[in-house]
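Visitor: Please give me a close look at a single part of this protein, starting with the overall layout so that I know where I am.

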Amino acid sequence: MDVSGDMEDDVYSFGVVLLEILSGRKDYDRDCTPPGIVEWALPLIRKGKAAAIIDRNIALPRNVEPLLKLADLAELSLRENSSERPSMNNLVTSLDQIVKCELFLS
């Protein structure tokens, strides 16, 4: 059974969910410009302005570095070329490292 296509879709979808969590925006919001979260957030992250996507309606933690790392993970997960996206195993490892570093820094 070949599930590689499903996993590639899962990685992309995971990147979208990360953007939704970080920004507080829906995947598609016609009241925003551009309405697609990916088209809005990726250019900001790629320009080094990931902090601009973080939801302003929540209190920011003292250390925002883990949030910026999550934005970088989202960007990797949303690469147009699926061969440039991390595997789900790599994503889990990266998330684990972010959590461990955050707990250490707190």
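Guide: Helices here are DSSP runs of H or I with at least four residues, strands are runs of E with at least two, and both are numbered from the N terminus. With that in hand, the protein reads α-α-α-α along its sequence, and its secondary structure amounts to 4 helices and 0 strands. You are looking at a predicted model, in which local features need pLDDT of at least 70, side-chain atom pairs count only at pLDDT 80 or more, and totals for chains, interfaces and linings use all residues. Residues are numbered from 1 along each chain as its sequence is written, and side-chain values use heavy atoms, leaving out hydrogens and water.

Of the 106 residues, 30% are buried, meaning under 20% relative accessible area with a 1.4 Å probe and protein chains only (over 50% is exposed, in between is partly exposed). The protein exposes about 7,100 Å², with carbon and sulfur atoms supplying 54% of it. Taking contacts (heavy atoms within 4.5 Å) between residues at least 6 apart in sequence, 52% join residues at least 24 apart.

S23 is buried, with a relative accessible area of 8%. Its neighbours include two polar contacts (N or O pairs within 3.5 Å, one able to donate a hydrogen and the other to accept it; residues adjacent in sequence count only through side-chain atoms on both sides). The side chain of S23 reaches the backbone oxygen of L19 at 2.7 Å, and a polar atom of that side chain lies 3.1 Å from the backbone nitrogen of R25. Leaving aside residues up to four places away in sequence, S23 touches I37, W40, I53, I54 and D55.

Two of those partners, I37 and W40, take us to helix α2. The buried residues of α2 are I37 and W40 together with V38, A41, L42 and I45. Just after α2, G48 takes a positive phi of about 80°.

Helix α2 (residues 37–46) also meets helix α3 (residues 65–77): their axes, lines fitted to C-alpha atoms over the stretch in contact, come within 10 Å and cross at roughly 115°, an angle taken between N-to-C directions on a scale from 0 to 180 degrees. L42, I45 and R46 of α2 make this contact with A71, D72 and E75 of α3.

How values were computed
Accessible areas come from the Shrake-Rupley method with a 1.4 Å probe; for residues, only the protein chains shown count as cover.
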